[in-house]
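Welcome, and please have your viewer ready. We will go from one selection to the next and look at what each one holds.

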Amino acid sequence: MTDKQKVQQVILKEYARCKKDPAYFMKKYCYIQHPTRGRILFNLYPFQEEVLHLFRDNQFIITLKSRQLGISTLAAGYSLWLMLFEKDKNVLALATTQATARNLVTKVQFMYDQLPTWLRLKSVEYNKLSLRLTNGSRIKAASSNSDAARSEAVSLLLIDEAAFIDNIEQTFTAAQQTLATGGQCMALSTPNGVGNWFHKTWQKAETKENSFVPVKLPWYVHPERREDWRRQQDDDLGPRMAAQECDCDFLASGDTVFEPEDMEFYEQSHQIDPVERRGVDGNLWIWEQPDYTKSYMVVADVARGDASDYSAFHIFDIENATQVAEYKGKLSPKDFGNVLVGIASDYNDALLVVENANIGWATIEQILEREYRNLYYSPKSNTDTVESYMNKYEKGNLVPGFSMTLKTRPLVIAKMIEYIREKSVMIRSKRLMGEMRVFVWKNGKAQAQGGYNDDLIMSFATGLYVRDTALKLRQQGMDLARAQLSSFTNLNRRNSAVYSVGNQQNNPYNIDTPGGKEDISWLFE
């Protein structure tokens, strides 16, 4: 074998290895312009190599990143790898402006220029906005607009700082047709508040409601950064902006009802994926199966089923205020009532609390028709007292369901704020935490930010309010009734009164309840 043939064999093996592994290709042959070190090989950090392989192996990927992690440069290197080793690949780089998108093309061109001749295919187009190779592959820079991707057969849609692009929704929609045939989409950004396409897409990716794979890269994934660096960012940027730029913290445009530190605590310590997802839509999330030694409560918020809001319910372990299941979906009020009866029956005939405002009545009527016996009733008066709950046995003074009024709504929300602040409730749901992130104060009223829902929050808050207020008051009422009846019994005994439990007509323990006459003498056995 001649020396030339040996060299050719080495090149062939090296080419095959580069084609197989983009990380190997970039670490050995791609040079970058480092802001302080100048021209250096792109010697990937472990977290960059892991992200690169995620780029390679997934069609849709959304990356929430801290500043200065080199992820845009990594995306440029991946684009070059794709162009070199695949024919007719069309990479479209989008950003807030054409000049910003051009930076990505410039990074690709710099890496391309430094390649050895046996790797560097000839270019047939080379300018500030594009690079086209002889194999038909190219990268092009464009500012985001509704027509940017409409006429393009896009192989890779690369969106840089996606959270800062105002009209990215239209651009992504326009690109959907070509992406649906096998094209990739990579959306990269630091956070920029909530309500934008990037934030909404990220939230849905976290709960597996879309095709995007979420990748979160806070500041500490970088091996050269320490706590002193992070503290310096607070000094340089201010705590709020540093949380956005370094911690990947989406910041609400209004003041959030729940403190960011409390939400961060729950996300890190309690939030977990459900052990089971039920239903045709997979929207019933379950963390704990029924335990027949426990008492449960199902708390529901009813939607019409055909609009932008959702019907939702939570299941609580009453004793320790733990979220054991959650549903968020679109069902008709009647179907929702049937689902609630079924799930409440499964969880030990749980106390079923359903808001009775507006469309909620249709759901409650279905529950009543099914003769579910443990439905929550509200007093007609808005005053929550022990006496009002003693009226549980006088059906005329109660209405089925939970009455959310102008007076009770702030009390309900305040109760959830208290529980969250004191860390005395177990929250496991990503969906609920997502709603909490965009639950803000507007003109003194707590509500979801525009374009978002608060169905999970309101049903969850109602559950905590009922647990901490209604159930305690009801128990106090029962204790008071027990004391009164016990006193009456002792008086009868002192008077040597003759009493027979079998004589129902004169039985003082035989009281009126919503379900008819009930003998509660067992309370005193």
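Before the first stop, one term: two strands count as paired if DSSP finds at least two bridges between them. Keep in mind, too, that this is a predicted model.

Now select residues 130-133, strand β6, together with residues 138-143, strand β7. These two strands run antiparallel and are joined over three bridges. Click on Leu131: its bridge partner in β7 is Ile139.

Next, widen the view to the sheet around them. Eight strands make up this open sheet, in the order β5-β6-β7-β4-β8-β9-β3-β10, with mixed pairing. At its edges you will find β5 (123-126) and β10 (213-217), each of which pairs on one side only. On average, neighbouring strands of the sheet are turned by 15 degrees against each other, direction ignored.

Which strands does helix α7 touch as it packs on the sheet? Select residues 197-206 to see the helix: α7 touches β3 (60-65), β8 (156-160), β9 (184-189) and β10. The direction of α7 makes about 110 degrees with that of β3.

The largest nonpolar core has 48 residues, and Phe25, Phe55 and Leu74 touch the most other members. Select residues 71-85 as well: this is helix α4, which gives the most to this core, with 11 residues. Then centre on Leu74, whose contacts beyond four places in sequence are Met26, Phe42, Leu44, Gln48, Val51, Leu52 and Phe55.

Definitions and conventions:
Residues are numbered from 1 along each chain as its sequence is written. This is a predicted model: local features need pLDDT of at least 70, side-chain atom pairs count only at pLDDT 80 or more; totals for chains, interfaces and linings use all residues. Side-chain values use heavy atoms; hydrogens and water are left out. A nonpolar core is a set of buried Ala, Val, Leu, Ile, Met, Phe, Trp, Tyr and Cys residues joined through side-chain atoms within 4.5 Å. Buried means under 20% relative accessible area, exposed over 50%, partly exposed in between (1.4 Å probe, protein chains only). Helices (H or I, at least four residues) and strands (E, at least two) are DSSP runs, numbered from the N terminus. Contact means heavy atoms within 4.5 Å. Axes are lines fitted to C-alpha atoms, for helices over the stretch in contact, and angles run from 0 to 180 degrees between N-to-C directions.
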